[in-house]
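Me: I have a model open and would like to go through it with you. Can we start with the helix packing?
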Amino acid sequence: MRETAETPKLFAPAEGIAGIVDRYGGDRDMLIPMMQDIQADFGYLPREMLKELSESLCVPFSRIYSIATFYASFRLEPPGEHRITLCMGTVCFLKGADRISRAIQREFSVGPGGTSPDGKFTFCPVNCLGACALAPVMVVDGEYHGGLTVDLAVNLLRKIADAGKPTEATRNGKKKERGSKKK
Ligand code: FES
């Protein structure tokens, strides 16, 4: 399991990099919280912001970049309009999650952890979502969809891509997302 580094939003956007650095007294040991602040504002870590942070702290960009890629919670590209969280845990896997994953990747040209070229979907395969009774299950924009087949999953996502919201037809066992484990 990869480590995570999530924190709530901590600063106002108008502060910019200088404001963030000032907030932490320019302390390089607070590099990660500074990066978290950037992501809290932008939804991801824009390369230009990281370069500015690098220059401001006199920390090599390569170090900042390695931190950004190490922590699963950091994103280097803007998130998609919709977030797909597909369970790849044992129960879901045995019930076809791998086939669903491949179909989603093929249909929407999106890799694990990536965002589709049209910006519609960010695809996040994870371990057990804690809803094994619904297997195979995926969460789209916080809503659970269980008992999926390849066709059900792809059709659901096509409808979301077209209409911008899920339909009841393919929804099974809907409930509020409670969180997930990273792979
Ligand atoms: S294995 Fe998929 S929800 Fe538990």
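Me: Which residues in H3 meet which residues in H4?
Reply: Leu-50, Lys-51, Leu-53 and Ser-54 in H3 meet Phe-61, Ile-64, Tyr-65 and Ala-68 in H4, where contact requires C-beta atoms, placed from the backbone, to lie within 7 Å. By class, this contact has 6 nonpolar, 1 polar and 1 charged residues, with Ala, Val, Leu, Ile, Met, Phe, Trp, Tyr, Cys and Pro counted as nonpolar, Asp, Glu, Lys and Arg as charged, and the others, Gly among them, as polar.
Me: What should I keep in mind about the source?
Reply: This is a predicted model, in which local features need pLDDT of at least 70 and side-chain atom pairs count only at pLDDT 80 or more, while totals for chains, interfaces and linings use all residues. Residues are numbered from 1 along each chain as its sequence is written.
Me: Back to the helices, at what angle do the axes of H3 and H4 cross?
Reply: The axes of H3 (residues 47-57) and H4 (residues 61-70) cross at roughly 130° and come within 9 Å; axes are lines fitted to C-alpha atoms, for helices over the stretch in contact, with angles from 0 to 180 degrees between N-to-C directions. That makes H3 oblique to H4, because angles under 35 degrees count as roughly parallel, over 145 as roughly antiparallel, 65 to 115 as roughly perpendicular and the rest as oblique.
Me: How many helices and strands are there in the protein?
Reply: The protein has 7 helices and 4 strands, taken as DSSP runs numbered from the N terminus (helices H or I, at least four residues; strands E, at least two). Along the sequence they follow the pattern α-α-α-α-β-α-α-β-β-β-α.
Me: And which residues touch the most other members of the largest nonpolar core?
Reply: Among its 27 residues, those are Ile-84, Cys-87, Ile-104, Val-137, Met-138 and Leu-157. Such a core is a set of buried Ala, Val, Leu, Ile, Met, Phe, Trp, Tyr and Cys residues joined through C-beta atoms within 7 Å, and buried means 20 or more other C-beta atoms within 10 Å of a residue's own, against 12 or fewer for exposed and partly exposed in between.
Me: What does Met-138 touch?
Reply: Leaving out residues up to four places away in sequence, Met-138 touches Ile-84, Thr-85, Leu-86, Cys-87, His-145, Leu-148 and Ala-153. A second, separate core of 12 residues includes Val-21, Ile-38, Leu-50 and Ile-64.
Me: Is Gly-19 exposed or partly exposed?
Reply: Gly-19, found in helix H1 (residues 16-23), is partly exposed, because 13 other C-beta atoms lie within 10 Å.

Conventions. Contact = placed C-beta atoms within 7 Å.
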